[in-house]
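Open the model in your viewer and keep the selection panel at hand. Each stop below gives something to select and then says what is there.

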Amino acid sequence: MNPVRPPSERAASPGVGEGAIPGLRGAPVRTPVRASGVQTGPTLWPAITGRMLTRQMWIELYGLPGYAMTLAAGRAVAFAATPRDFRPTEPALGKAILGGRFHLAGSNLDAEAPADPFNRPSPSRAFATDLHAFVWLPSLMLQEDRGAREAVRLTLIWSEAFARWSPFAWDPQILARRTFNLACAARRMGAVASEADRLRLADILGRQARQLLRPPGGLAGKAERLVAAALAGCVLAGRSGGRIRRTALARLTGALRVTVFGDGSHTSRSPEAGLELLLDLLSLNDALSQLSEPAPEAMAGAIVRLTTALRLQTLPDGRLTAFQGGGPSTPARVAAARAHDDHVEPPGGVAGTVGGLTRIRSPLLTIVADAGSPGKGAWSETACAQPLALEIVCGRDRLITGCGWTPRAADRQGLRLAPGHSTLTLGEQSFAEPLGGWKGELLGPRLYGRPYNCSAEQRDGDGAVWLEIEHDAWAVQYGLLHQRRLYLDQRLDELRAEERLHPSPDHRDTVRAIAAPYAVRFHLEPGAQASLARDRRSILLRGHSGRGWWFRTDGPDVAIEPSVHVEDGLTRRSLQIVVRGSARTDAETRIRWKLSPAGAAGDPV
């Protein structure tokens, strides 16, 4: 007998009248639920006090008139390695810059040479971040010698205005990306520059790298900063570059130990963060090989672990799973990070668990569920309060996904909450929120709220997989546990699922409301089509390939509603399926749904 069985069939729940349940209607653009009033309490005050004191101390110290002289020690006079940035680059941006237009973070700025793009107001903070991080430099370098000369001009203009330390231009994250981009382009820029400008370029790169080896910065992002500093040390020739390189590599071992877990997942739990760190490490490995230096053991091990994790995090459409502040990225970017991987995957891809993300599959269906808790402390700046979130790829069509929030959509913090992904929301409040106001400005938009626990159990049978995941995030507010039970029939490519809300044994004695409204959301990929059948319980879904899939549920109220999806910081329109109802807080509630290929006998009409 097959030990893996689907949930037993049961009758549909009675319908609920229109407007009877105070649901969360509309696209979750900014704040999809009412503020929960999460109190930070005294536990956050040590971090706040420490950040206030140290921030002011570094501002005073680095702002001293003579501080810049400490960054000029041991000037380099030549370039050594030419590291390769493996990220794919779009030449259109560089061509536009040569024409006097900067297009960054969805905004435009006209600054035709010899104008200074840095000494004028930026259209947005995101634009200013990309401008000062030199994200335009790789594209500009594709424009041959003309692009390289323009890159030299812009770099020297930036240095004239921002040679002295300032909190924004020398922010650790911005500084790391600027140093990385400069290091990859420095030798080619020096080849078209005059002797005096070449020496200035080497000095600018050395100053950036030395600052990266100094506080502040914090543990989150430390590995990325040290990789950028080590890369600059590979590029700068002589003793100056050697000292920077050795110092950064020595510290990198400890940073990678806390940034990359044993299974290859990033501590922030963002698949995209792991992808970007892997690309950085591959560039550093390339630079060290040009110098005939072996990569440190910790660095080589991190590359292997990150590559192994990336296999499971890459879905059949060639993009990443989009969880915990990581967007789907692009197939070209993912392929670039996996180009060195000679592992041969089985048909349909791999299955398993990495970083709390569990992946199960059949020939046509790939399901990834988030069965982990969000990052904590400084690692939670990109974390999302979306327990048991799902992504489902049908063939190569990513049909069910989330809103795709990443830090590039800083004005869409509400998408980090449960309604921003394909999971269940109970009541009209969230159990966690990103820090806002002066606390958010000081510590970053950390996710703060009640911690919750997740558990997962998987059983494999003959032609079927059973995955049962549960969390207790709603236990304090409503005394209920949310269990998501998934049964994947691998022969029929059919997914049968059940959302189960049941009383928590640890919160039975608390007096609370007798019922709470719930909403189970299934966000669709932009461009996916959804049509409600006449039975108002079935929805026909079609992705970009045109292949149809039936979504069926016995939920009391089913609707297709507008949603949003964030891509590279820009917001696009999309759709979501929402199943609403009311759950008793003293009894069990079940909502069943199923996803199966269209075209079989018995399809709805």
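The tour starts with confidence, then goes through helices and cores, and ends at the strands.

**Stop 1: colour by pLDDT.** This is a predicted model. The chain has a mean pLDDT of 89, with 92% of its residues at 70 or more. Where pLDDT is low, predicted coordinates should not be read in detail.

**Stop 2: Leu-98.** Select helix H3 (residues 91-98), where Leu-98 is placed. Is Leu-98 buried or exposed? Its relative accessible area is 18%, so Leu-98 counts as buried, the cut-off being under 20%. Show its neighbours: leaving aside residues up to four places away in sequence, Leu-98 touches Leu-140, Gln-143, Arg-146, Gly-147 and Glu-150. A C-alpha to C-alpha distance drawn from Leu-98 to Ala-111 reads 9.6 Å, for a separation of 13 residues in sequence.

**Stop 3: the nonpolar cores.** The largest nonpolar core holds 86 residues. Select Trp-136, Leu-137, Met-189, Leu-252, Leu-256, Leu-281 and Leu-284, the residues with the most contacts inside this core. Helix H9 (residues 222-235) is its biggest contributor, giving ten residues. Centre on Met-189, which touches Leu-137, Met-141, Ala-148, Ala-151, Val-152, Thr-155, Leu-182 and Leu-201, not counting residues up to four places away in sequence. Then move to a second, separate core of 49 residues, which includes Cys-394, Phe-431, Tyr-478 and Phe-551.

**Stop 4: helix H12.** Select residues 297-313, which form helix H12.

**Stop 5: the eight-stranded sheet.** Show the strands in the order S11-S12-S13-S14-S21-S18-S17-S16; they form an open sheet with antiparallel pairing. Its edge strands are S11 (454-461) and S16 (529-532), each of which pairs on one side only. From one strand to the next, the twist averages 15°. Within this sheet, select S13 (residues 480-489) and S14 (residues 494-503), an antiparallel pair with ten bridges. Arg-485 faces Glu-498 of S14 across this pair.

**Stop 6: strands around S20.** Which strand does S20 (residues 570-584) meet through nine bridges? The partner is strand S15 (residues 515-524), running antiparallel to S20. Here Ala-516 has Ala-583 of S20 as its bridge partner. S20 also pairs with strand S19 (residues 557-567), again in the antiparallel sense, over eleven bridges. Ile-560 lies opposite Ile-577 in S20. Finish at the hairpin of S19 and S20: two residues lie between the strands, and Asp-568 has a positive phi near 55°.

Key. Residues are numbered from 1 along each chain as its sequence is written. This is a predicted model: local features need pLDDT of at least 70, side-chain atom pairs count only at pLDDT 80 or more; totals for chains, interfaces and linings use all residues. Side-chain values use heavy atoms; hydrogens and water are left out. Two strands pair if DSSP finds at least two bridges between them. Helices (H or I, at least four residues) and strands (E, at least two) are DSSP runs, numbered from the N terminus. pLDDT is the predictor's confidence in each residue, from 0 to 100. Axes are lines fitted to C-alpha atoms, for helices over the stretch in contact, and angles run from 0 to 180 degrees between N-to-C directions. Buried means under 20% relative accessible area, exposed over 50%, partly exposed in between (1.4 Å probe, protein chains only). Contact means heavy atoms within 4.5 Å. A nonpolar core is a set of buried Ala, Val, Leu, Ile, Met, Phe, Trp, Tyr and Cys residues joined through side-chain atoms within 4.5 Å. The expected span of a helix is 1.5 Å times one less than its number of residues.
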